[in-house]
Amino acid sequence: MYQFEHRTRRVTGHNIIGHQWFLGFEGLISSGGDLYSYVVNPYTKEAYFDFDLFKKHVALAQRIMDDIIDLELEKIEKIIAKIDSDPESEEVKEAEKHLWEKIYKKSGQGRRTGVGITAEGDMLAAMGLRYGTEEATEFSEQVHKTIALEAYRSSVNIPTVFTTGALLS
């Protein structure tokens with residue numbers, strides 16, 4: 001059970017997938033990567049996980065998710081412009097325009113993104129690791145720690161990319 005209080009609002013529920021709670025008009029842009037695709041020589045004794053390629057792709061995925069937020073903001077600007085140009089009276093357009101302005105503001109402020117995964121069990125099997133064993137669990141923790149650190153590192157570098165024009169290496 002999870003309880004969260006914010007100003008005059010109380011949320012009680014179960015947070016099964018581990019997301020933070022969203023407040024009014026907030027959203028999330030997310031992507032997923034197939035962990036099995038990073039196993040080199042799957043189902044052999046020479047199987048290994050390509051952490052270098054994985055780190056590069058996690059960083060790029062984080063960057064792409066941030067770019068998608070910019071695209072979303074551009075589309076919301078067009079929606080607001082369309083509302084402004086509609087022939088209805090301001091009174092009729094007010095509620096819809098106000099809604100999109102709130103969404104625009106929250107989308108730009110929060111810039112919430114997520115880099116997720118799929119095929120974790122397939123990855124473990126392809127590497128000869130039995131799901132649920134200590135060895136498999138430790139390896140999975142290493143993969144998830146890599147996602148967290150590389151996504152965070154990439155998100156920290158995004159302002160540098162915008163201000164200097166540098167590309168992620």
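**View 1. A salt bridge joins Arg-153 and Glu-150 at 2.5 Å, N to O.** A salt bridge here is a side-chain nitrogen of Lys or Arg within 4 Å of a carboxyl oxygen of Asp or Glu. The model is predicted, so that local features need pLDDT of at least 70 and side-chain atom pairs count only at pLDDT 80 or more, whereas totals for chains, interfaces and linings use all residues. Residues are numbered from 1 along each chain as its sequence is written, and side-chain values use heavy atoms, with hydrogens and water left out. Because Arg-153 and Glu-150 are three residues apart in helix α4, about one helical turn separates them. Helices (H or I, at least four residues) and strands (E, at least two) are DSSP runs, numbered from the N terminus. Arg-153 is partly exposed at 44% relative accessibility, whereas Glu-150 is buried, with a relative accessible area of 13%. Buried means under 20% relative accessible area, exposed over 50%, and partly exposed in between (1.4 Å probe, protein chains only).

**View 2. Lys-97 and Asp-84 form a salt bridge, 2.7 Å from N to O.** This pair links distant parts of the chain, with Lys-97 in helix α2 and Asp-84 in helix α1 (residues 51-85), 13 residues apart. Both side chains are partly exposed: Lys-97 has a relative accessibility of 22%, and Asp-84 has a relative accessible area of 37%.

**View 3. The side chains of Lys-82 and Asp-86 are paired in a salt bridge (2.7 Å, N to O).** Lys-82 is partly exposed, at 49% relative accessibility. Asp-86, in contrast, is buried at 19% relative accessible area. In general, side chains of opposite charge can pair when their charged atoms come close. Six salt bridges are present in the structure.

**View 4. Glu-134, Glu-135, Glu-138 and Glu-141 form a negative surface patch.** Patches consist of residues with over 30% relative accessible area and no salt bridge, in which like charges are joined within 9 Å and nonpolar side chains (Val, Leu, Ile, Met, Phe, Trp, Tyr) within 5 Å. Lys and Arg count as positive and Asp and Glu as negative, while His and the chain ends are not counted. The place of a charge is taken as NZ of Lys, CZ of Arg, CG of Asp or CD of Glu.

**View 5. Glu-96 is located in helix α2 (residues 90-110).** The residue is partly exposed, with 41% relative accessibility. Between Glu-96 and Ile-79 the C-alpha to C-alpha distance is 9.9 Å, and the two residues are 17 apart in sequence.

**View 6. The protein chain as a whole contains four helices and six strands.** Along the sequence, these elements follow the pattern β-β-β-β-β-α-α-β-α-α. Of the 169 residues in the protein chain, 26% count as buried. Among contacts (heavy atoms within 4.5 Å) with a separation of 6 or more, 62% are between residues 24 or more positions apart. The protein chain exposes about 11600 Å², of which carbon and sulfur atoms supply 54%. Accessible areas come from the Shrake-Rupley method with a 1.4 Å probe, and for residues only the protein chains shown count as cover.
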